[in-house]
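The following exercises concern the structure shown below. Each consists of a task and a solution set out in steps.

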Amino acid sequence: MTTQIIYKTLLATIILLLSLIVAMYSTLIERKMAGWFQDRHGPNRTGPWGLLQPLADGIKLFFKEEFMPASADKFLYILGPSLTMFIALLISAAIPWGPDLVINGAVYPLQVADVNIGILYIFAVLSIGVYGIMIGGWASNNKYALLGAVRASSQMISYELAMSLSIVTIVMMTGSLSMSEIVAQQQGFNWNIFYQPLGFLIFLICAFAETNRAPFDLPECETELVGGYHTEYSSMKLGFYLFAEYINMFISGAVMATLFLGGYHFPGLDKLGLSPNVFALVSFMVLFTKITFFGFIFMWVRWTLPRFRYDQLMKLGWKSLIPIAILNVVITGVVILLNL
Amino acid sequence: MSAESLILFFIVGAFLVGFAIVFSIFVAPTSTNPQKAEPYECGIPTEGLTWLQFNVGYYLFAIIFLIFDVEAVFIFPWAVVMKEMGMIAFVEIVIFFFVLGLGLLYAWKKGALKWE
């Protein structure tokens with residue numbers, strides 16, 4: 001029991017630090033890729049290939065001036081970014097990162113909490129994410145920030161609906177809300193994306209909107225709203241909002257890989273006869289590669305597509321994605337019934 | 001065990017966030033003056049209150065969202081048992097979606113989904 005608690009604490013710390021480090025280095029990769037897309041070099045002065053740039057940015061953010069507007073609501077002003085960061089970190093608890101480790105005969109799962117309602121947990125935490133932005137934007141007492149916050153919440157709740165409806169089909173096929181069970185059913189090449197291409201597409205579009213990334217980055221639309229909801233933020237509190245976006249990107253990539261691309265499974269991997277711990281490590285690397293693939297798509301889209309207009313965004317969410325998602329559920333129901 | 005692990009995860013996460021906030025309070029320099037502490041509005045002094053009424057369109061979307069979100073809560077337990085229940089479950093959800101679709105159609109025709 002004690003070893004289990006120590007192991008879980010260790011695992012939680014490793015996962016949290018890993019998401020922080022991945023988020024830090026995604027900023028560098030994003031800037032490098034933006035450079036390549038625009039035929040320039042990107043950051044290349046701090047260390048070889050600019051590898052120390054994220055560290056320099058982090059240190060710079062810590063040592064920037066702590067600033068709070070006089071008319072802001074002090075408590076909520078600090079709560080906003082902290083909540084956004086905290087919520088962004090929480091989602092990774094329900095993701096199965098790999099098969100079980102076996103040390104001295106004891107089994108250690110590579111998942112912090114195998115909750116039997118994993119999908120509901122992820123959606124619940126995701127919904128709370130809106131509050132961080134809303135609270136921060138409202139507490140700043142700045143008109144641009146408030147507008148950005150209202151836009152963010154309106155956008156996120158609209159796309160959350162289509163997102164949950166696109167997941168319903170996976171639940172119907174699996175008959176379970178547990179993340180580990182959904183991964184277990186996708187063994188080999190039995191990935192959900194081949195059965196649910198439409199659901200995957202809807203989920204991918206909604207993931208862009210939920211992470212507030214281009215082309216859905218209206219909450220921080222620079223040309224209209226200065227900085228959007230984080231206009232009044234500086235120092236590490238601004239850093240929290242920016243990091244949370246990259247953590248969300250990493251985690252939504254992990255959720256998509258888990259739900260649609262078979263999680264840590266890769267065809268033929270379990271037939272190689274690797275020892276359990278090596279197998280767990282290789283499987284984790286497989287999952288990580290899939291997440292990297294999604295990270296690449298996120299960045300590719302951001303530097304290729306222009307931003308939506310607000311009415312287009314609402315039209316896409318309510319008049320296209322939600323009806324298509326409902327139709328997808330009905331079609332999946334018919335197919336399941338015919339196969340019975 | 002999974003509930004305890006979740007709480008453990010919450011604690012570790014809260015500790016990381018709290019540490020960064022407190023650390024930045026200690027290391028970051030501060031200097032304020034009345035001009036700096038004003039809300040940022042591109043250099044112009046801010047006019048009137050910030051916390052005013054905003055566009056009713058956002059409010060309408062929030063209301064429709066609330067209805068649909070409650071419906072989504074009903075769909076998830078249905079999806080879990082759908083395979084076992086078979087035909088009855090399917091017919092029932094089609095009726096459910098029909099009612100839901102009518103609601104969406106009503107909001108659509110009333111112009112609540114149109115952004116102005």
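**Exercise 1. Compare the radius of gyration of chain B with that of a compact globule.**

Step 1. Along the principal axes, the C-alpha atoms of chain B fill a box of roughly 70 × 50 × 15 Å.

Step 2. Of the 116 residues of chain B, 14% count as buried (20 or more other C-beta atoms within 10 Å of the residue's own; exposed means 12 or fewer, partly exposed in between, with C-beta atoms placed from the backbone).

**Exercise 2. Describe the secondary structure of chain B and the confidence assigned to it.**

Step 1. This is a predicted model, in which local features need pLDDT of at least 70 and side-chain atom pairs count only at pLDDT 80 or more, while totals for chains, interfaces and linings use all residues. Residues are numbered from 1 along each chain as its sequence is written, and chains are lettered from A and ligands numbered from 1 in the order in which they are written.

Step 2. Chain B contains 3 helices and 0 strands (DSSP runs numbered from the N terminus: H or I of at least four residues for helices, E of at least two for strands). Its pattern along the sequence is α-α-α.

Step 3. The average pLDDT of chain B is 80, and 97% of its residues score at least 70; pLDDT is the predictor's confidence in each residue, from 0 to 100.

Step 4. Among the elements of chain B, the lowest mean pLDDT, 82, belongs to helix α2 (residues 56-85), and the highest, 85, to helix α3 (residues 87-109).

Step 5. The model as a whole scores ipTM 0.83 and pTM 0.87.

**Exercise 3. Characterise the side of chain A that touches chain B.**

Step 1. In total, 58 residues of chain A are in contact with 49 residues of chain B (C-beta atoms, placed from the backbone, within 7 Å).

Step 2. The elements of chain A that give two or more residues to this side are α1 (2-37), α3 (74-90), α5 (143-174), α10 (235-259) and α12 (310-339). The most come from α5(A), with 12 residues.

Step 3. By class, this side has 35 nonpolar, 14 polar and 9 charged residues. Ala, Val, Leu, Ile, Met, Phe, Trp, Tyr, Cys and Pro count as nonpolar, Asp, Glu, Lys and Arg as charged, and the others, Gly among them, as polar.

**Exercise 4. Is T9(A) buried, partly exposed or exposed?**

Step 1. T9(A) is found in helix α1 of chain A.

Step 2. Because 16 other C-beta atoms lie within 10 Å, T9(A) is partly exposed.

Step 3. Apart from neighbours within four places in sequence, T9(A) is in contact with L8(B) and V12(B).

Technical notes
Contact = placed C-beta atoms within 7 Å. Rg over C-alpha atoms; globule rule 2.2 N^0.38 Å.
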